[in-house]
Amino acid sequence: MNGSDLPPLFNIPKSQLQCFGESVYSTREDVLRRCCRAESPLERLTSVVAWSISAMRPLIFGVAPYNPILGETHHVSRGNLNVLLEQVSHHPPVSALHATDDREELEVIWCQHPVPRFYGTSVETEVHGKRQLKLLALGETYVMNAPKLLIRFLPVPGVDWVGNVRITCQETGLGAELCYRAPSLIGRNRRSIKGKIIDLSSLKTLYEVDGHWDSTVTAKDVRNGEQKVIYNAAETISGLKTPQVKDSGGVLWSESAVVWSEVSRGILSKDWDKARETKKSIEEEQRELKRERDSRGETWIPKHFTVSCNKENGWDCTPIQKSVPSAPIHVPFD
């Protein structure tokens with residue numbers, strides 16, 4: 001069940017597009033900058049592993065964000081990192097993300113297409129779409145996928161990230177294989193992660209990765225047994241700052257917070273009638289706009305991405321602009 005199927009009582013007051021963007025810009029530690037500044041290829045790969053884990057945020061069972069409308073955008077800056085997202089398809093739901101930091105010379109390009117599968121007592125959502133982190137000054141591109149989202153109803157309700165993630169960098173010949181482990185029926189292995197950092201040519205294991213993605217994750221050097229913490233959730237994703245509008249005139253009508261503002265006000269004030277009617281009005285308007293496009297034989301075209309889809313590679317999103325401009329909404333530094 002997605003956010004558009006739910007009554008506002010079961011929505012959190014933000015769009016899924018915002019949640020997607022927060023996984024990149026909403027961190028207390030600058031884990032992206034660490035990827036750029038690590039001295040050796042192995043240190044950079046280890047930093048990328050930690051960054052990829054930081055994008056997997058703990059979720060709350062029983063509530064969901066709004067399902068973004070077609071053309072909805074989310075544009076936020078944090079320091080020199082500028083992040084722009086756009087909902088490039090509604091049926092099926094596809095979100096595109098582009099982030100650039102010209103000072104650190106990095107670029108992030110993500111395409112996200114969730115596909116849910118129902119199994120009676122659970123829902124497992126595969127998150128299709130390629131994720132790329134480019135360290136431009138070094139000429140390195142890190143390609144990765146995302147784990148699945150598992151929602152369990154029985155025997156114990158819960159929501160977790162599960163499944164395998166593979167990270168590769170062809171330029172350095174290094175990669176990582178991670179497994180987000182599903183909890184057992186009695187709750188063991190909850191939110192645990194295991195994996196390894198490898199040499200792609202020989203498949204030799206260099207580091208063993210172990211821990212819990214909602215607390216700490218370590219990497220152990222297989223040569224000498226030395227172990228170090230590569231990710232600490234408390235230091236990275238706790239005490240996060242709320243984005244602030246710095247230029248109200250620059251906020252687009254399609255901005256997530258604008259699109260859903262009245263619905264969010266209703267939820268926060270517990271005026272459920274207002275929230276329900278406003279949400280219904282937004283959804284009806286979108287259906288009417290689609291009927292008008294269909295009657296004219298028009299195809300909706302994204303403003304910020306070129307989009308393609310085929311059976312072999314699925315959905316792919318390419319940014320139209322080389323870099324993302326500074327946003328009217330900023331996340332303050334500590």
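In which loop does Lys270 lie?

A: Lys270 lies in the loop between α6 (261–268) and α7, where helices (H or I, at least four residues) and strands (E, at least two) are DSSP runs numbered from the N terminus. The model is predicted, so local features need pLDDT of at least 70 and side-chain atom pairs pLDDT 80 or more, while totals for chains, interfaces and linings use all residues. Residues are numbered from 1 along each chain as its sequence is written, and side-chain values use heavy atoms, leaving out hydrogens and water.

Lys270 has a phi near 60°, a positive value in a residue other than glycine. Its relative accessibility is 62%, so Lys270 counts as exposed (over 50%; buried is under 20% and partly exposed in between, with a 1.4 Å probe and protein chains only). Glu105 is placed in the loop between β5 and β6, and with a relative accessible area of 40% Glu105 is partly exposed.

The bond from His91 to Pro92 is cis, with omega near 0°, and Pro92 lies in the loop between β4 (81–89) and β5 (94–101). A cis peptide bond likewise joins Leu154 and Pro155, where omega is about -5°, and Pro155 has its place in the loop between β10 and β11.

Turning to the side chains, a search of the whole structure finds five aromatic pairs; rings of Phe, Tyr and Trp (its six-membered ring) pair if their centres lie within 6.5 Å, and planes under 30 degrees apart are stacked, over 60 edge-to-face and the rest tilted. Phe20 and Trp110 make a stacked pair, at 5.6 Å centre to centre and with 25° between the planes. This pair links distant parts of the chain, since Phe20 is in helix α1 (residues 16–25) and Trp110 in strand β6 (residues 106–118), 90 residues apart. Phe20 is buried, with a relative accessible area of 4%, and Trp110 is buried as well, with a relative accessible area of 1%.

The rings of Phe61 and Phe153 have centres 6.2 Å apart and planes at 70°, so this pair is edge-to-face. It too links distant parts of the chain: Phe61 is in the loop between α3 (41–54) and β2 (64–66), Phe153 in the loop between β10 (148–152) and β11 (158–169), and the two are 92 residues apart. Phe61 is partly exposed, with a relative accessible area of 36%, and Phe153 also counts as partly exposed, at 38% relative accessibility.

As for the cysteines, the structure holds zero disulfides, a disulfide being a pair of cysteine sulfur atoms within 2.5 Å. For Cys35, which is in no disulfide, the nearest cysteine sulfur is that of Cys36, 6.5 Å away; at 0% relative accessibility, Cys35 counts as buried. Cys169 is in no disulfide either, and the nearest cysteine sulfur, that of Cys35, is 11 Å away. Cys169 is buried, with a relative accessible area of 0%.
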